[in-house]
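Let's take a walk through a protein model together. Have a look at the structure below, and then we will follow a few of its parts step by step.

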Amino acid sequence: MENNSRSKFKKICVFCGSNPGHRKVFSDAAIDLGNELVSRKIDLVYGGGSVGLMGLISQRVQEGGCHVLGVIPKALVPIEISGESVGDVKVVSDMHERKAEMASQADAFIALPGGYGTMEETLEMITWAQLGIHKKPVGLLNVEGYYNSLLALFDNGVEEGFIKPGARDIVLAAPSARELLSKMEQYTPSHDHVAPHESWHMEELAYPKEQSP
């Protein structure tokens, strides 16, 4: 169904697996998220691969007429790009530069199901939000409860005194793309930053300062 409302996001970074997972529900979720981005006219920033869930969402967004930017380290090009690349691809030197470039390009972040890499990238964006480096929403697309254990770990961190309750609210989650994007559209940071946003020297982090809309 066409969503005619204009999104507050121009570009969203999606972290996801270079594998498709064992169940079709994960591939369906990637395609559904791609459809939702297209319906809201949101461009995609992603890890640059053409395989697994990365390939599915990037192809869907490009077919839907939205721009796709893939950011991939040189070492992963022969592993994660099979055949023709999707959209524009920026090859960078390492994983740190990849994350910094993806973060600077996007207005928000979504994690589809994925492995260590997906979780590491997502956790870094959560940490940067807590520190005050950015003020962008971070969402987990919790397909069939894939991220239930991770969310429970965060809750336990609050209970045990390692995560402040306000910082727990950084992480948004929903079982469907439409519900998650609606939550992210309404997100307003409520936690205290570890350091003021303005105090971070973004250039030193290889993270360009956010531009005013």
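Let's begin just after helix α1, where Lys41 takes a positive phi of about 60°. Keep in mind that this is a predicted model.

Now step back to α1 itself. The helix has 16 residues and reaches 22 Å from its first C-alpha to its last, close to the 22 Å expected at 1.5 Å a residue. Its buried residues include Phe26, Ala30, Leu33 and Leu37. What covers the buried residues of α1? Among the covering elements are strands β1 (11-15) and β5 (108-111), together with helices α2 (52-63) and α8 (177-185).

In soluble globular proteins, nonpolar side chains tend to be buried together. The largest nonpolar core here has 58 residues, and Ile12, Val14, Leu33 and Leu37 are among those with the most contacts inside it. Helix α1 supplies the largest share of this core, six residues. Pick out Val14: leaving aside its neighbours within four places in sequence, its contacts include Leu33 and Leu37, as well as Ile57 and Ile110.

Finally, turn to strand β3 (residues 68-73), where six of six residues are buried. Val68, Gly70 and Ile72 point one way from β3, while Leu69, Val71 and Pro73 point the other way. β3 runs parallel to β2, joined by three bridges, and Tyr46 has Gly70 of β3 as its bridge partner. Together, β2, α2 and β3 make a right-handed β-α-β unit. β3 also pairs in the parallel sense with β4 (residues 88-92) over five bridges; there, Pro73 has Val92 as its partner.

Conventions
Residues are numbered from 1 along each chain as its sequence is written. This is a predicted model: local features need pLDDT of at least 70, side-chain atom pairs count only at pLDDT 80 or more; totals for chains, interfaces and linings use all residues. Side-chain values use heavy atoms; hydrogens and water are left out. A nonpolar core is a set of buried Ala, Val, Leu, Ile, Met, Phe, Trp, Tyr and Cys residues joined through side-chain atoms within 4.5 Å. Buried means under 20% relative accessible area, exposed over 50%, partly exposed in between (1.4 Å probe, protein chains only). Helices (H or I, at least four residues) and strands (E, at least two) are DSSP runs, numbered from the N terminus. Contact means heavy atoms within 4.5 Å. The expected span of a helix is 1.5 Å times one less than its number of residues. Two strands pair if DSSP finds at least two bridges between them. A crossover is right-handed if, with the strands pointing away from the viewer, the path from the first strand over the helix to the second runs clockwise.
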